[in-house]
Amino acid sequence: MRVLMFRRTRLALLAAVVALGMTVFGAAGATSPAAAASFPNVVVPVPVSESANGSTFTLGSAATLTADDGGVGGYLAGILRASTGYALPLTVGATTPGTIALSLSGAPSTVGAEGYQLTITASSVRVRANTAAGLFHGAQTFLQLLPAKVMSPTAVTSVAWKATGGTIVDYPRYEHRGAMLDVARHFFTVAQVEHYIDELALYKVNYLHLHLSDDQGWRIAINSWPNLAAYGGSTEVGGGAGGYFTQADYTAIVNYAASRYMTVVPEIDTPGHTNAALASYAPLNCNGVAPPLYTGTDVGFSSLCTSLPLTYTFLDQVVGELAALTPGPYIHIGGDEASSTTQSDYVSFINQVQQIVANHGKAVMGWHNIAAATLAPSTVAQFWDTNNSNSALAAAAATGTKIIMSPANHAYLDMKYTSKTPLGQNWAGYVDVNKAYGWDPGNYLTGISSSAIAGVEAPLWSETLVTSANIDYMAFPRLPALMELGWSPESTHSQSAFDARLGAQGPRWHAMGIDYYKSTQVKWPTGS
Ligand code: TNX
């Protein structure tokens, strides 16, 4: 914030000098520089630095687009063409830049692997980055500077497509900015997951964690254990039909996520949250008897049989198939709420599963309870509790374990906003916008250095969620709040400034047909 304010003050001074000059020398006809010399407070996550240049870009019907990456170029062209109705011809790898040019050369080195520089003048838009992911994030920022209706899926003719001119240099605070979707409690189709991926992409999310198995359902086909999906995936909370992803479906999601610069982290929750697997194969049970399928919402009652050799054969084959389908570095092994497993069995189990995952060339992610085991250097722990101290996690962090922050009382998108919220749960309290935004991931856990924090994840559990509209209502507006914590420097943190720019997102969601929660903590502009 200090950097921004400094720049804004400096620009205001410059504007005053220019204005004075115009008075003295009688210049006329220019637009007021004072009014044009700052960016509007509308971009979420707020960029690292921005300096307006007093110009205004207008996207006209003759505009052209060039891109060094055809994927990002096509993505941006698709959104702009739909809402403006303009032809916006795209040339990939052109030597002469178009009106809008996405370039993989000339970015300042400070922007790193995911950042970008966005320069807007009266006649051109330039996004420069070192990678396609950086171009993609820069394109998102440019879209947020255009009028909200740019997000309309159908052509809107009544809008002047203007954007404030200037330069933005931007890059993330954390490497890991995730969102989790629980497809186990209620199943969501490939199309629904892809729809959510498109929404997440707007806020620079770069990891999609899929909770693929739980007591109520197993959602990924495993060829060596076909009953897992065929039987274990045949229901869900409330007794509905459930469903599962074929391996081709899962690959389609992985590829779609990659096209939005997101890496999929698949989770097979173990040793608890395993009723669907235990119901599918009697021999996985200590007593050899398969329990019935479960469609309630209790937790903590199931456990894999940790003393059974078959359990580890099973996990080796499941992890093997999943690892082969997953280009990303992580397999998430769950590890939460294993209250039907003794602590010593739990520790020995997690140690063995870590080895299995390593044997398949992947690193482990797990809920923070896994810190009770002996963690491998590459294992990442995901903090989900409602307190802010955890001695086992602190000890692991002291020896190098990296942590992803998902404190339930701030980051759980399935918590109700208020007592009146029709969906969700409240075991971690109510989480309205200010609660979602009002914490610092780097300075939250007692006795854990900020350098141990690798990022932030917003989990969305689906016990109460059935439709994409339900997902939208719980994710918006909190998801952008959490992703601003993951992306923007802590020095920019300001509840009031954030609430104002979050409000500016409302008309965009409206244009996209997202039915979001209109928190009273945010002033939503008319038309949202
Ligand atoms: C806790 S926190 C769970 C999930 C539930 C969620 C509901 C954690 C890692 N596990 O099994 O779905 O609460 O809010």
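H273 is buried in this predicted model, with a relative accessibility of 2%. Buried here means under 20% relative accessible area, exposed means over 50%, and partly exposed lies in between, with a 1.4 Å probe and protein chains only. H273 sits in the loop between β12 and α8. Helices (H or I, at least four residues) and strands (E, at least two) are DSSP runs, numbered from the N terminus. Phi of H273 is near 55°, a positive value in a residue other than glycine. The loop between β12 (263–270) and α8 (275–280) also holds P271. The peptide bond from T270 to P271 is cis, with omega near -15°.

Residues are numbered from 1 along each chain as its sequence is written. The model is predicted, so that local features need pLDDT of at least 70 and side-chain atom pairs count only at pLDDT 80 or more, while totals for chains, interfaces and linings use all residues, and side-chain values use heavy atoms, with hydrogens and water left out.

P45 belongs to the loop between α2 (33–36) and β1 (49–58). E337 has a positive phi, near 45°, and is a residue other than glycine. This residue, E337, lies in the loop between β13 (330–334) and α10 (343–359). At 25% relative accessibility, E337 counts as partly exposed. Most residues other than glycine have a negative phi, and most peptide bonds are trans.

The ligand is surrounded by 13 residues. The closest are R185, Y412, D414, W427 and E463. A residue is near a molecule if one of its heavy atoms lies within 4 Å of it. By class, the shell comprises six nonpolar, two polar and five charged residues. Ala, Val, Leu, Ile, Met, Phe, Trp, Tyr, Cys and Pro count as nonpolar, Asp, Glu, Lys and Arg as charged, and the others, Gly among them, as polar.

For D414, a polar side-chain atom lies 2.6 Å from an oxygen atom of the ligand. D336 places an N or O atom of its side chain 2.9 Å from a ligand nitrogen atom. The protein covers 99% of the 360 Å² of accessible area that the ligand has on its own. Accessible areas come from the Shrake-Rupley method with a 1.4 Å probe; for residues, only the protein chains shown count as cover.

Side-chain contacts to the backbone were also found. S213 is part of strand β10 (residues 213–214). With 1% relative accessibility, S213 counts as buried. A polar atom of the S213 side chain lies 3.2 Å from the backbone nitrogen of D269. H410 is located in helix α12 (residues 408–411). H410 is buried at a relative accessible area of 8%. Its side chain reaches the backbone oxygen of K435 at 2.7 Å. V433 lies in helix α13 (residues 433–437). The relative accessible area of V433 is 0%, so V433 is buried.

Note on methods: Polar contact = N/O pair within 3.5 Å; in protein donor to acceptor, adjacent residues only side chain to side chain.
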